[in-house]
Amino acid sequence: STSLRREPWRPCPLLSLNNMRLPRLLAMRHVKVLPDVWRMCAFTVCLSFLLCHIYNPIRRAVRDGQKKTLIYYLFQDCDSFFNMCTSFVTFILSFFNATVFTRWWKLRELCGTVNGKTVDTTVMLSAYIKRREDYEELLRLLWLAHALHVTSIDPLVTSDPEHAMERVLRGLREDGLIAAEECEALRPTTLATSTPLSIAYGWFTCRLRTAMLRDVPPSLHSGLLQIVQANISAMRGAASDVLMYLGTPMPLAYTQLLELMVTIYVLMAPLGLVPRLLWMAVPGCFVVTLVFYGFMSLGKLMLNPFAAASDDAFDTQAFLRGTRTACRAVADATFTKPPLGGAAAGEGGGDVTPAASRSLLQRCHTTAGLRNAGFFSVPQQMHERTRELDGVFASPGGASGSLSGEEEEAAEEAVE
């Protein structure tokens, strides 16, 4: 029947060779092993293969009842010593990799904090700063601080500390992020410290204060300043921590001693595995070398996540471009499109109408209403507004819900 007719087999799209969605680690064309690790693996494999040809005749002779030779005892002792060193090398290598990875991920989180707080500050400014020239100037200073942070950790820039600041200032002038007088203020500083970006954040705070006094209502000054200042403190603290981590690397003696121990361990692996595994020691040495020597080399590359020696190094310029793109998108959307719901809020684009003022006053003339409306944040203003509201609602017009022109103006001032 039609219901039992078998459909012709078709390959599943997810399993076809053209559309195969394999993880990056399983796609062999993306797998890149360090060249040093490959060379060490090849050396230990060849050494183990050679030792198998040396040890196999000795093992057969001893098994046939012949006298044990010095070479036979040497192989047996290497087997015992290799087992003893395994636990020690595993412990110190695990501790090293855990410490290095923690530092590596912490640096990534700190850079993400600077990026995220920069965009968050841009969003806050777009809600309160209404003059385009003030907003653009604040964005420029915010990008200047972020650019100074990125260049302070870029190994291509910090490779020459004596001329690093001059090159950075020249690049910032070309990008239009810094003025001539600002260059003179930053020229005596050094990128190895957080002083340049702290100065830039100071300029940003001063310009924000001027814009707030001109555009933001006084009742919103404390809340806006508290939020923006918290973001600035988080950005400056995260950028300083990045420099602190880079300035205090892992002790060089510890890294060198670990490299020496791991190298001796993998070179001794053929002598330790051949008496136990014989011909299986050849792939066994490859695995041991790949694991121990590979993770040791990987940990050394992760000591500085901003260095260009690794394919997984952090792209500092991508951080800067991504943050500036996000900030510019927020700025363009804020100043080119009206806010959602603006028409429904009134012709003034969200201004409080007299009817809304009367409704708010009627909700806030009691002590509980004032507390819910936030008037208790300033006790003196709370008492003054309470007396004003009591005077308004004590009038006959206030009791009936209709206020005169002067009373409506007093009510709107009380609400503001």
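Predicted model: local features only at pLDDT ≥ 70, side-chain atom pairs only at ≥ 80, totals over all residues.

Reader: How are the rings of F49 and W279 placed?
Author: Their ring centres are 6.0 Å apart and the planes sit at 55°, so this pair is tilted. F49 belongs to helix α1, while W279 is in the loop between α9 and α10, so the pair ties together parts 230 residues apart in sequence.

Reader: Nice! How many aromatic pairs does the structure hold?
Author: There are 11 aromatic pairs. One of them is Y265 with F292, with centres 4.8 Å apart and planes at 50°, so that pair is tilted. Y265 is in helix α9 and F292 in helix α10, 27 residues apart, and both are buried.

Reader: Switching topic: which residues does UniProt list as "transmembrane region"?
Author: The unreviewed UniProt entry lists 37-56, 81-100, 252-271 and 277-296. In the model, residues 37-56 are 100% helix, with end C-alpha atoms 28 Å apart. Residues 277-296 are 85% helix, and their end C-alpha atoms lie 25 Å apart.

Reader: Last one: how do α3 and α8 cross?
Author: Their axes come within 10 Å and cross at roughly 10°, which makes α3 roughly parallel to α8. By class, their contact has seven nonpolar, two polar and no charged residues.

Key. Residues numbered from 1 in each chain as written. Heavy atoms only, no water. UniProt positions renumbered as here; feature names shortened; annotations may be inferred. Helix = DSSP H or I, 4+ residues; strand = E, 2+ residues; numbered from the N terminus. Axes fitted to C-alpha atoms, helices over the stretch in contact; angles between N-to-C directions. Parallel < 35°, antiparallel > 145°, perpendicular 65-115°, else oblique. Nonpolar A, V, L, I, M, F, W, Y, C, P; charged D, E, K, R; others polar. Phe/Tyr/Trp six-rings, centres within 6.5 Å; stacked < 30°, edge-to-face > 60°. Buried < 20%, exposed > 50% of the residue type's maximum accessible area, 1.4 Å probe, protein only.
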